[in-house]
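Work through the exercises below with the sequence and the model side by side. Try each task before you read its solution.

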Amino acid sequence: MIPELGNFALMLALGLALLQSALPLIGAANQNPTWMALGRPLSAGLFVFLLLGFGCLAYAFLHDDFSVAYVARNSNTALPVYYKFAAVWGAHEGSLLLWVLILASWGYAVSLFSQRLPLDIVARVLAVMGLITAGFLVFLLFTSNPFERLLLNTPREGTDLNPLLQDFGLTVHPPFLYMGYVGFSVAFAFAIAALLTGKLDAAWARWTRPWTNAAWAFLTIGIMLGSWWSYYELGWGGWWFWDPVENVSFMPWLVGTALIHSLAVTEKRGVFKSWTVLLALAAFSLSLLGAFIVRSGVITSVHAFAVDPERGMVLLALLLLIIGSSLLLYALRAPVVRGTATYGANSREVFLLLNNLLLVVSMATILLGTLFPLIHEAIYGEANRVSVGPPYFNAVFVPLMAILAFLLGASTFARWKKTSFAHLRQNLSLVLLASVALGVAVPLAVTGGVNPPIMLALALALWIVFGIAKDLWDKTAHRSPRLPALLGLGRSYFGMQLAHLGVAVLICGVCFTSHYSIEQDVRMSPGDELDVSGFTFRFDGVEEVPGPNYTAVRGTISVSRGGEPYMTMHPEKRTYHARGDVQTEADIDVGFFRDLFTALGDPRGDEAWVVRIHFKPFVFWIWFGALLMAGGGVLAVLDKRYRHRSIPATHPQTAAGAGAVGTAGVIQS
Amino acid sequence: MSNRAKLFLPVVFFLGMLGLLLYGLGRNPGEVPSALLNRALPAFSKPDLLDPARTVSVDDLRGGVFLVNVWATWCPPCHVEHPYLVEISGREPDVTFVGVNYKDDVEAARTFLAERGNPFKINIADVDGRLGVDLGVAGAPETFLIDATGTIRYKHVGVIDNRVWQETFVPLLAELR
């Protein structure tokens, strides 16, 4: 009964989504306020029915309703209850439902927080989002229905959730990632509205910025969680593989980063307008491309869902409809939104243009590397397949990012319109000197060796950090006392600096971990000891420990430091009952400056095991840096100017209108 | 090109990519290219991964059932798959497990096998990826079944786990014996 209710809710949602995509748009074309205003209640209804559908599927999982095929394939009575809930998005159908639910949530959020936007813009934005939701609901209902039943022979037991997914990191990774992917649909819809109306001014950019920042922050955390997961769950301490599915999540992130910067220029200076629109279209289009690549099986990857060519065809048709028509609209309408202002050859505008170029070129190289096997095969035939590995990606991506980091440090001091080189030299020579000197001296002093990549990375990171510090100092130089002046700089500004600090932290984390990790994989019998970087690891043997739906072989490793006991670590090897799969669970002592990483390899007879013991300096900084970036994005969203500036002064407020503005303010704060 | 025409570049580029993806959908990456299925294993001569002085050639893969697994240390799914390969290689005495270490750092690959167990009787170092290309490998891991006449009978793309093994490989092996 409940699954049928869920199915019915999804069908009603499809009806509402179709209405939402048509009525407000027709209203906007005819300037009919009643029809335009329908967008808001429709998006609320759409959200409610999708939430109901999602709730029904969750109910089926929590009650072990194996008559639902999707539940039977991805759950098991012995599965812990929180994984039963997370299993809702553990495979294609349910994760697609989550995708659509999140899409509707963003639409509903737009309808709530758009009280001060012109009604015709809101109507067009919601209509575009309704159309996208309708397209994906058709895909969900007709090719990937999660409520399909196995009524004739209901299995008594489910085949369990993939053990790789039975993990905290992977239960929260998809929701964050989808919040990011789908969040870019808001900027996409704003861009379509701008193309349709031909109105693209500072106000448009100001409306679009917080939505883009929010989506970008979610995507940053989603990618970070995926990286963190592969670090501790795959059991060998790697954190990024340039796997196709990682690449397709990284491409919208790169374009989204470019979009954030380009929106800033469009708001402040009224230039780059059609470029900004193109980036807004591209960020969401790349998210859709990612959904296609993951769900069609067109490229082999560890993450790929079950392959189904029919689903692939429907998704491809959706891509053609959504991306193709939006890019065609862009080609026809972009001249209408051209910017008119001018800027000098050395100005903040140019720095941000270079930032955009580097980010887009990085994205393009990753896109090329990801699709190259397919391109090669299309030209040379099936028997001549190639694969592209990490060496290509590292070789093209790392230098581009180094240049980007250098420009980042300099651009803070570039002024809008025109900057003299003398001004840059005056502001930056000390920063440059200090960062290069310390970048070379510190690694030399600590390790005693000359290591150019490390020195370059540290110099670049310090270049950014010193630049931030100098800017904070300069901005408060003529105020006294300094502290209130500093706090008065605004959340947007701090958001920017925090995100840039995150870049510096990330650079340090990536480079130090890559160069200074110590990885020991040794055969150890109970009682054997190993010294790694000042720690002594003693292997105390293994024991069998039952888990809820698996049996674990659990190792005990006593760690001591300078003769004093430091901690006991328990890496595990789990065999999951339902599928017979073996899963390695590393035990990691997370520290700010270093991780101790232990994992069990294979048994070697006589109670001996291969034990992996890694000392990973600064690996935490990779995720910490990403968190700082996301925090910067959130701070920028919370900036006051997105709430106060726009209370319309020209319109006399009716009681209802004032109430609406007040509500929006409350919800946003 | 006029400025106006340049605005059409994104949509043209997108349609090109769409065509490529359509082509990609048309073929199933999990199947052996029709050119290779039921054909003899292509001739090759490659150094032994563990003993580079020794050469492994196509003649070493004759007269029995061979499972050829293409793997690399840079491939995360291979790490996932490895413990299971170690487990089943012990269970299947009449199938010879052959590892093709594909476009990899030879030193890293040796360490990998030394530490995590070596499921393979024969280890081939395919550093330049030539053998992989001849086999039509799109990415690692891929696994081929070769019968007693030296003919490629099946190719699996992606991780072999217990389910894949029981549902696909066990029946096929029964057929090949």
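**Exercise 1. How do strand 6 (residues 572-576) and strand 7 of chain A run, and how many bridges join them?**

Step 1. Strand 6 and strand 7 of chain A run antiparallel, and four bridges join them. Two strands pair if DSSP finds at least two bridges between them. Helices (H or I, at least four residues) and strands (E, at least two) are DSSP runs, numbered from the N terminus.

Step 2. Pick one pair of residues. A:Lys573 stands opposite A:Thr584 in strand 7 of chain A.

Step 3. Look at the turn. Five residues lie between the two strands of this hairpin, and A:Gly580 has a positive phi near 75° there.

Step 4. Now the side chains. In a regular strand they alternate between the two faces of the sheet. In strand 7 (residues 582-585) of chain A, A:Val582 and A:Thr584 point one way, A:Gln583 and A:Glu585 the other. All are buried. A residue is buried if 20 or more other C-beta atoms lie within 10 Å of its own, exposed if 12 or fewer, and partly exposed in between; C-beta atoms are placed from the backbone.

A note on the model: it is predicted, so local features need pLDDT of at least 70 and side-chain atom pairs count only at pLDDT 80 or more, while totals for chains, interfaces and linings use all residues. Residues are numbered from 1 along each chain as its sequence is written, and chains are lettered from A and ligands numbered from 1 in the order in which they are written.

**Exercise 2. What is the strand order of the open sheet of four strands in chain A?**

Step 1. The order is 1-10-9-8, with antiparallel pairing.

Step 2. Find the edges. Strand 1 (518-524) and strand 8 (587-589) of chain A each have a single partner strand, so one side of each has no neighbour in the sheet. From one strand to the next, the twist averages 15°. Angles run from 0 to 180 degrees between N-to-C directions, with axes as lines fitted to C-alpha atoms, for helices over the stretch in contact.

Step 3. Check one pairing. Strand 8 and strand 9 of chain A are joined by three bridges and run antiparallel. A:Asp587 stands opposite A:Thr598 in strand 9.

Step 4. Helix 4 (residues 106-116) of chain B lies across strand 1, strand 9 and strand 10 (609-617) of chain A, at about 65° to strand 9.

**Exercise 3. Is A:Ala599 buried or exposed?**

Step 1. Locate A:Ala599: strand 9 (residues 594-603) of chain A.

Step 2. Count its neighbours. A:Ala599 has 25 other C-beta atoms within 10 Å, so it is buried.

Step 3. Compare sequence with space. A:Ala599 and A:Phe618 are 19 residues apart in sequence and 19 Å apart in space, C-alpha to C-alpha.

**Exercise 4. What span should helix 18 (residues 491-516) of chain A have?**

Step 1. Use the rule: the expected span is 1.5 Å times one less than the number of residues.

Step 2. Apply it. The 26 residues should span 38 Å, and the end C-alpha atoms are 36 Å apart, which agrees.

Step 3. Check the surroundings. In helix 18 of chain A, 20 of the 26 residues are buried, so the helix is largely enclosed by the rest of the structure.

**Exercise 5. Which strands are at the edges of the five-stranded sheet of chain B?**

Step 1. This open sheet has the order 5-4-3-6-7, with mixed pairing.

Step 2. Strand 5 (122-126) and strand 7 (152-157) of chain B are the edge strands, each pairing on one side only.

Step 3. Strand 4 (residues 95-102) and strand 5 of chain B pair in the parallel sense over five bridges. B:Asn101 has B:Ala125 as its bridge partner in strand 5.

**Exercise 6. Where does B:Lys103 lie?**

Step 1. B:Lys103 lies in the loop between strand 4 and helix 4 of chain B.

Step 2. B:Lys103 is not a glycine, yet has a positive phi of about 45°.

Step 3. B:Lys103 is buried, because 22 other C-beta atoms lie within 10 Å.

Terms used: Two residues are in contact if their C-beta atoms, placed from the backbone, lie within 7 Å.
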